[in-house]
Amino acid sequence: MNPYILAILLFGLGLGTTITFASSHWLLAWMGLELNTLAIIPLMAQLHHPRAVEASTKYFLTQAAAAATLLFASTINAWLTGQWDIQQISHPLPTTLITLALALKIGLAPLHAWLPEVLQGLNLTTGLILSTWQKLAPFALLLQIQPTNSKLLIFLGLTSTLVGGWGGLNQTQLRKILAYSSIAHLGWMILVLQFSPQLTLLTLMAYFIMTASAFLIFKINNATNINTLATSWTKFPALTALTPLILLSLGGLPPLTGFMPKWLILQELTKQELAPTATLAALTALLSLYFYLRLSYAMTLTTSSNTLTAISPWRFTPSQTTLPLAIATSTTIYLLPLTPAAMALLSP
């Protein structure tokens, strides 16, 4: 892609998210979300492949439906209350509609069906943007409106953790596995959103770091399915030895970084006298942990056969920048001892 066009699209992504962050009016927030969507679609379709065009079309239709629902709900709120302020939503009807529209935008279950299909049609760099940066603007709105429908949020959260764990069990494509991983992590964030927004923000930041590590590792290995992971020993032996720690951190295994948000969320749910919800969420985390273990096994404890029907990229010297991967990998593994500092930074 032409670097000038790429710069304009990345500027549009940043501008759309910033507009949504800074807005207190629903029309301005909606405009920021639309700018965000329109900026990423050319990045999705840049491969000129039918699968990429299909993914771009599915993403556009889904985001357009979510944005139309959001605009409809904010208009209903203005009709009922006489104002467009984001933080002044009190009627349950527009609150529920806006929550569902934002859930569709970020891919929460049961409104998640588009996310694995769209992510499967993208390259890993655009998939990383979709899995991280594109979640920021809808989450900013969710944190501002502070939905009061606790049953809806708990239903969305538990369903997402269950679907995210269950859906990834039978997958062989790495991008679909990462999509279901995203759904499961978003479920944990939604579970605790109404009780501790700071904890939701901490979980979102930890998810961004861990997901960036996973995407960058698969990108540097040029791997798109589980079979091609078996060749990574030949290419990057040191990185391959560290990869199980990153994958298990995504699964939430102590003493790695991914354990921190789940531990704090379970503690907060127990404080709110929601022990059954916390128990169900902890059990669904075991499903996610299983397919992360499966990836770790395929990458580190198996060797590729001589008849592997895949590209053999280990014969070439990699030319990719590894500094972001090194930073993300280190923080993914070692961030747990800094939990008190992170909590202090996010406390009001």
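The paragraphs below turn to the annotated span, then to the nonpolar cores, and finally to a group of salt bridges.

An unreviewed UniProt entry lists residues 23-286 as "domain: NADH:quinone oxidoreductase/Mrp antiporter transmembrane". In this predicted model, that span is 77% helix and 0% strand, and its end C-alpha atoms lie 39 Å apart.

The largest nonpolar core holds 51 residues, of which Y59, V118, L130, F218 and L295 touch the most other members. Helix 10 (residues 197-221) gives the most to this core, contributing 7 residues. Because domain 1 (1-123) and domain 2 (149-305 + 320-347) both give residues to this core, it lies between them. Leaving aside residues up to four places away in sequence, F218 touches L124, L174, L178, A223, L229, L247 and L295. Another core, of 29 residues, lies apart from the largest one and includes A29, L108, L136 and Y207.

Among the 5 salt bridges, one joins E54 to R51, with the closest N and O atoms 3.9 Å apart; both residues lie in helix 3 (residues 50-81), 3 residues apart, or about one turn of the helix. R51 also forms a salt bridge with E117, at 3.6 Å between the closest N and O atoms, and since R51 lies in helix 3 and E117 in helix 5 (residues 114-120), the pair ties together parts that are 66 residues apart in sequence. E117 in turn meets K176 in a salt bridge of 3.4 Å, N to O, which links helix 5 with helix 9 (residues 174-193), the two residues being 59 apart. K176 counts as buried because its relative accessibility is 17%, under the 20% limit, whereas E117, at 28%, is partly exposed. Through shared partners, salt bridges join R51, E54, K58, E117 and K176 into one network.

Technical notes: Residues are numbered from 1 along each chain as its sequence is written. This is a predicted model: local features need pLDDT of at least 70, side-chain atom pairs count only at pLDDT 80 or more; totals for chains, interfaces and linings use all residues. Side-chain values use heavy atoms; hydrogens and water are left out. A nonpolar core is a set of buried Ala, Val, Leu, Ile, Met, Phe, Trp, Tyr and Cys residues joined through side-chain atoms within 4.5 Å. Buried means under 20% relative accessible area, exposed over 50%, partly exposed in between (1.4 Å probe, protein chains only). Helices (H or I, at least four residues) and strands (E, at least two) are DSSP runs, numbered from the N terminus. Domain bounds come from an automatic or database domain assignment. Contact means heavy atoms within 4.5 Å. UniProt positions are given in the numbering used here, feature names are shortened, and annotations may be inferred rather than shown by experiment. A salt bridge is a side-chain nitrogen of Lys or Arg within 4 Å of a carboxyl oxygen of Asp or Glu.
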